[in-house]
Structure formats: structure tokens, C-alpha cells
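I opened a new structure today and kept short notes. Here is what I looked up, entry by entry.

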Amino acid sequence: MRYQNATAYRFLAPYLLIFAIFWVWPIIDSFMISFQATRTVPWRFAPTFNWGRLIGDPAFFNALKNTLLILVIQVPVMITLALVMAVLLNSPLLKARGLYRFAFFAPVVVGEVAYSAVFRLMFNLNFGIINKLLNSVGLPSVDWFSNVTPAMALIMIAVTWRWAGYNAIILLAGMQSIPEDVYEAATLDRVSKLKQFFFITLPLLKPVIVFCLVLSIIGTMQLFTEPFLITERGGPGGGTETLGLLLYRQGFRSLNFGYASAVAYTMAGLAIAITLVQLWLTREPK
Amino acid sequence: MATVTLNNVIKRFGVFEVVHGANIDVKDGEFVVFVGPSGCGKSTLLRMIAGLEDISGGEIAIGGKLVNDVEPADRGIAMVFQSYALYPHMSVEQNLSFGLRMTGNPNADTDRRVKRAAEILRINELMKRRPKQLSGGQRQRVAIGRAIVREPQVFLFDEPLSNLDAELRVQMRVEISRLHKELGTTMIYVTHDQTEAMTLADRIVVMRAGHIEQIGRPLDLYDNPDNQFVAGFVGSPKMNFISGRIVGRDAHGVVVELAGQEKTRVAQPLTGAAPEAGSPKIGSKVMVGVRPEHFGSAGEGDTDLVVRIDVVEHLGGTSFLYARTANGEDVVIQRDAAKVPDVSEITVSIGKSYLFDEKGLRLR
Ligand SMILES: Nc1ncnc2c1ncn2[C@@H]1O[C@H](COP(=O)(O)OP(=O)(O)O)[C@@H](O)[C@H]1O
Ligand SMILES: [Mg+2]
């Protein structure tokens, strides 16, 4: 048995080595870098240099505010939408179910750059289809890219479009694992379909919903693609800058690795903290 | 309480017809068991009575009222599912009261009904637990409790005991019997287990492949099966079937020669179709059915049969001899344990026997 384990680890060694070098080490290293002043050569240990700057940096609090705002609005809206989509997908009345399932999942596999370009075109002030549609129902055009509120809304719409279907598929799998006869028993108990959804489906789906929430919270905490590509690096004027973007700006444009590492650890810490609070709030009563 | 009447009920799934015109009259307060092998359409029939499946043809009436187009909740039935179908996230108490609370039943009445069901099923101490924290037998009680709380006119059970172990099954069987006596409500019970059917039923409906083979009281089916299927299905161990040929007729019936054993002849009295009418024909092939307990010692009956013993099973009071005829057909013979000889070949007599034609229909 011992010998077999040793053999197994020898076969795993190449993977473990690469995992250690490219995963474990950077995680440890960036933690240490966050305590170093990296704008001087050579770098020197200065525990309060980055962390001290962080707690007084308006750019950090702007990015934090934007990230949390997107989190608080977009995630609940998206999960609710995903639930509705999952219910529709699960309906026995639906024809061509496979087609819808594919369509809902497709946004996840579309290239980020292509998707961002299409969104920029669709929301264009002068010839975008969204403004055309608004006009056609008598509403004025919206300049999605030059004002903060519409720009934030645009980010949320885009993220929701990209990930709602993905969550819907996960929720659908959860719904399909609820035994049919539980609903039949409820039907015999004269419980309406709507009440069945709220009193049976939702409670039984809770672990899956929590799973989707956790995934979405972690994803949104790291939000980068949409504000980078769609609203052009957090525009207008930093109005949609997220923590992910701030990290990128500090680390890879200003080459200030120490500060970027501190931001990265803040993001990870926040994601973990929010997730734990959330798991605690939705824990199963004993 | 109510009668349940099925009039030529048909069920099709797409083009596949799985129930081919069922006619059943369940009397008020009667305990009727649908029994048959897996896939014969028992559940489908029960679910049509419950309203969980549409009826493709025919009529179903409960308490004299046609219910073809009545919502399941309005049919006055309650159903117990094989998998219990409890609400996993609710306590036992909530499982019992959920339906009533959802439909705005007065709280006092709900509490009274829940309390009564808990008392009948002796699940008082379990009320705060979740289904996960219950054993199989306890879950089954809760599922039955949920049905009782509805105070239905008809109880429907779909294989309620098949997920329980053997010992618990016997225990719950007795409880369900007791429940029927206590409530006096009409009950329809589906099972593939003929022992359950025999022990529980006032009347049994034997089904095969979507057809009703016979309806009757347990002992009537046992003593007087209409066909080879019912004869083989009811009773345990099964009735033995030995092939033979009609070789002659006498005043009372026919004489059958067992296949491969020219000297062994069975005289079979027939009362129904007059033998003179030329039916059944001399020379036609038949099956002779003999229950394990109807083999006697040599010389006790009309016919003696020599069999080779393969295996002997001692159950204590009785023993079963697994043996083979000269023609290689398997037979099971029941004997008092004390009377089992230690030999490899014995002669037994055939006492009571049944005759079936080539289509499996009883000749009588
Ligand atoms: N929803 C369904 N769609 C198609 N065929 C079904 C469906 N339900 C049952 N059947 C078929 O109907 C027949 C009877 O099924 P069922 O009533 O469940 O049998 P039983 O309860 O006697 O084991 C089976 O052949 C089964 O495959
Ligand atoms: Mg069944």
C-alpha cells in the first residue's frame, strides 16, 4: 500500500511540480510582495507602504464602491432571471428544449472580445439597435458610454447576459433532481403550481442557489472584461472602474506590483468574507 | 367512503396501449389489491384513478360521480407513494399539515386531524424530525399519515412496502390491515407481491400486460383460478405445471397422460363444457397444475408419479422438495419435515389438480 502510494506520487510529480511553481508560489510570493515597496530598486520590505496607501486611496474606494454596487444589484437580478429561465426550460410545455438549453449556454463560450464589440455596437448612441428600440417606443436615446449611471447599467446588463444562462443550466439540473412524486403529492394536497414553486422548489433548490450565488460573487469580485472592453478601461472617468481593473492598472501599466498584490489580496479576502457571511445566512437550520 | 367504478378504462402512452380496457367495481369500504408482475400497468391504473394520468378511454367514477375531468385534489382520494414522496425540507408535523395549511383549512381543524393521524400511526414522538432522520418504516408511516390527514373517501397505495426490509414489510402489512379495519375506508392497493395481495385483500385484481386476468377473493383465486397465469401467480411456492395429453374420456371428465411417462395417467373431472361435445379434443395438449401441498404419499391419490429429488429445503415444520419428473420438468413438493425420506427418488401421488389448455385457459 505504501509502495503503491509512492508510485502514484511519482506519476503525479510533474503535475505537482508545475502546480507548485505556477500556482502555489505566485500566491505566496504576491502575499510577500504586498508588503514590499516595489517602486524602488531594489525592492525593500515596508509593511505599511502598500496597505497604508490602500486604506487612504480614493481610487481604491471608487473601485471598491463600483464593484460592490455591481455585486449587490447584478447578482440578485441575474440569479432571479436564471431561476425564471430554469423554470421555463423545465416546463413540459416547452418544445425544442435542447435548442434553448444551447442558446442559454452559448454566451459563455462566445469570445470575450467579440461579445464586447457587439455590445458596444448594440448600445452605440447613434446607430445602436438598443437606442433605436428605445426611440421606437417613444423614449429618448441614452448615451450609454459617457454617463456613469447608464455605463454601470450597461456593465450589469452585459454581465447578466453572459452568465444568466450558465446559472440557469445549473439551476435546471438542480430542479430536475427534485423527485416528480413530491410535486404529485402536493398536487393531490391541492397546492397550486405557484405555491409548489415557492414552498417546494425554492427550499429544495436552496443549496444550488447558494452555489450559484457564491460562483457569481466570486466572479463579480474579479470583474474585468466588461469594464475593460465595453466601457473602455472603466470609463467614463473611472465611473465603472472595478477592483480587477484597478489591479490591472497598478500592476501591469504602472508596474507597481506591491500595490497590485495588496489589491489582489483585498479582492480575495472580500470574496471569501462575503461568501462566508452568505453561507452563514443560508445555513440549514439544525 | 365511496365506491370506485372503472368502466372499460384504456391508457395509451403515445401509440402504446398499456391498459386495454379495465372493468373493476370496488365496493364501499372494500380493500382491493391490484397485483401483477412489474410493468403490467398497475401503477398506471392507480394513477388514472388518482387523476395523475389522463384517461385515454372509458370512464372512472368515484362515489358514483364521473371523475374523468375532475382535478386530482377534488376526487376525494389520497395516495401513498412507493418512494414515500415526503417533503424533504419539512418536519413530520409540517409534512402532515402542509396541504391543509396551504389551502386555508382552519388551524384548529388541521391540528385535530394531524393529532389524530399521529395517534393512529403512533408517530407522536417523531413530529419534529425531518424525513432524513427517520427509518424507512417511519417514513412510510408519515406518508400514510399524510394520506389520513386528508380524510379521503378512498386511499390509494402504490407498492408502499416494497422499499422496506422483509421483517418490517410483514409488520407494516399488519398495520395497514389494522388501519383498514379502524377507518373502514375504501382502499386500493397496488403490489407485485402475491403474499401481500393474499393477506391484505378483500378482493384481488390480477393483471398481466395491461389485461385483467381475474378478479376474486383471495381464496377463490387460489382454489379456482381461471387460467394458468393466475394459477401460477397466486400461491407460494408456485403451482407446478406438468405437460400432458388428453388420451381419453370417461363419465366424469377426461384422462390425461403425462408427457414422457406413458404409464402415468391423471383422471380429471370436468363439470363445465360437456365432454360429449367433443371438447376438449382427444389428443390435444394440456397442462396439469398441481400445488406443492397437493402431492401426497404414494398410493394416497389416484395417480402416482416418480420424481428425482435435486434439493431439499427444510423450513422447520414443513420442507420443500425440489424435484424433476421423468420428462425433466421441475416440480416443488411440500412435505411435513418428519416425512422427508433420505432417498434420491420418491413416488408421490397427485391429489387435487387443475387442467389448462394450450392457451392457458382453465378446463373445467
Ligand atoms: N409516462 C410513461 N410513458 C410511457 N410509458 C409508460 C409511462 N409510464 C408507464 N409506462 C409504461 O406502461 C406500462 C405499465 O407501467 P406501470 O403502470 O408503471 O407498471 P407497474 O406499476 O405494473 O409495474 C409499462 O410498460 C411502462 O413502461
Ligand atoms: Mg408500479
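**Ground rules.** I am working with a predicted model, where local features need pLDDT of at least 70, side-chain atom pairs count only at pLDDT 80 or more, and totals for chains, interfaces and linings use all residues. Residues are numbered from 1 along each chain as its sequence is written, chains are lettered from A and ligands numbered from 1 in the order written, and side-chain values use heavy atoms, with hydrogens and water left out.

**Chain A against chain B.** I looked up the contacts (heavy atoms within 4.5 Å). Chain A brings 18 residues and chain B brings 24. Next came buried area, the accessible area (1.4 Å probe) that two parts lose on being put together, summed over both. I found about 1800 Å² here, 62% of it from carbon and sulfur atoms. On the chain A side, A:Leu188, A:Asp189 and A:Arg190 lose the most area, together 36% of what that side buries.

I then checked salt bridges (a side-chain nitrogen of Lys or Arg within 4 Å of a carboxyl oxygen of Asp or Glu). Three run between chain A and chain B. One pair I noted is A:Asp189 with B:Arg150, with the closest N and O atoms 3.8 Å apart. Helices are DSSP runs of H or I, at least four residues, and strands are runs of E, at least two, numbered from the N terminus. On the chain A side, α8 (180–188) and α9 (193–221) each give two or more residues. The largest share, seven residues, comes from α8(A).

**Domains of chain B.** The bounds come from an automatic or database domain assignment. I read domain 1 as 4–233 and domain 2 as 240–363. Their centres, taken over C-alpha atoms, are 38 Å apart. Each of these domains of chain B gives ten residues to the contact. They bury about 870 Å² between them, 45% of it on carbon and sulfur atoms.

**A salt bridge inside chain B.** I looked at B:Asp111 and B:Arg101, which meet at 3.7 Å, N to O. B:Asp111 lies in α3 (107–121) of chain B and B:Arg101 in α2 (92–102) of chain B, so the pair ties together parts ten residues apart in sequence.

Strands pair if DSSP finds at least two bridges between them. β9 (203–208) and β10 (211–216) of chain B pair antiparallel over five bridges. B:Val205 stands opposite B:Ile215. Two residues lie between the strands, and B:Ala209 in the turn has a positive phi of about 50°.
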